[in-house]
Amino acid sequence: NLLHLLCACNLRTSADMAMLVSQGAEGRLFETTFLGRPCLMKERFKKSYRHPLLDEKLTNKRLTQECRTLSKCRSLGIRTPTVYYVDHKTNTIYMEYMKQTAVLKDFIDEHVARGERTVLEDLCYNVGYTIALLHNGDIVHGDLTSSNVLVMKRIDKYDCVMIDFGLSTNSSLVEDKGVDLYVLEKAFLSTHPNSQDLFDKILAGYCSVARAQKAVIAKLHEIRLRGRKRSMVG
């Protein structure tokens, strides 16, 4: 198969040219090229503390789920990096490198330092709107933080790009969607102190379009209470 041969040759070239961008608990991110296009190579590495067969099964399952979620997001009109190729032998995804973007965490920090809060309020509303689109499609991100959202400049506004779906699941449960928002709230308020107003904008954007917004927000309040009780007890 000529296409398979071409991809195989390109993967070897891409791996040789790859430059490490970042490393997390689940894998490494490299900058390289794929068929002449700038791309990011996301490689999931083996976990030595897990049984090899279990590790292979879990890694492959998460890799497959991430690719399916990225594809589903695009069908729902949610901006995510385009997947170019998936190498199951090396547990690697080759995806679009969106160079003209900033990480939401850094974007917020920079604009807070400059006192430019109106831009952030509009952007956070858009983030909440986008999360609602995820939940409307029964996609639960699983690791919502300001480090897993990219900011893209448009002519007259900023759009958000959702990334890192390695822990994503398909779920229609209100509980799971409420937990998704709770994880974001905890991460957001700890990463960005004195930003309750910005998180409120995220919730406003979410409620503007989420189909089950009343039930999900009620569940979020319930989960908050559970968290407070646990911290009081232990």
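Predicted model: local features only at pLDDT ≥ 70, side-chain atom pairs only at ≥ 80, totals over all residues.
Which residue in strand 5 is the bridge partner of Val83?

View 1. Five strands, paired in the antiparallel sense, make up an open sheet whose order is 1-2-3-5-4. The edges are held by strand 1 (19-23) and strand 4 (83-87); each has a single partner strand, so one side of each is left without a neighbour in the sheet. From one strand to the next, the twist averages 25°.

**View 2. The pairing of strand 4 with strand 5.** Four bridges join strand 4 to strand 5 (residues 92-96), and the two strands run in the antiparallel sense. Within this pairing, Met95 of strand 5 is the bridge partner of Val83. Helix 2 (residues 52-75) packs on the sheet, where it touches strand 3 (37-44), strand 4 and strand 5. The direction of helix 2 makes about 145° with that of strand 3.

**View 3. The salt bridge between Arg154 and Asp159.** The side chains of Arg154 and Asp159 meet in a salt bridge, with an N to O distance of 2.9 Å. Arg154 is partly exposed, at 36% relative accessibility. Asp159, by contrast, has a relative accessible area of 17% and is buried, because the buried class covers values under 20%.

View 4. Lys219 and Glu175 form a salt bridge through their side chains, at 3.6 Å from N to O. Lys219 belongs to helix 7 (residues 213-233) and Glu175 to helix 5 (residues 174-191), so the pair ties together parts that are 44 residues apart in sequence. Lys219 is buried, its relative accessible area being 18%, whereas Glu175 is partly exposed at 27%.

View 5. Glu222 and Arg226 are joined by a salt bridge in which the closest N and O atoms are 2.9 Å apart. Both residues lie in helix 7, four residues apart, which is about one turn of the helix.

How values were computed. Residues numbered from 1 in each chain as written. Heavy atoms only, no water. Pairing = 2+ DSSP bridges. Axes fitted to C-alpha atoms, helices over the stretch in contact; angles between N-to-C directions. Contact = heavy atoms within 4.5 Å. Salt bridge = Lys/Arg side-chain N within 4 Å of Asp/Glu carboxyl O. Buried < 20%, exposed > 50% of the residue type's maximum accessible area, 1.4 Å probe, protein only.
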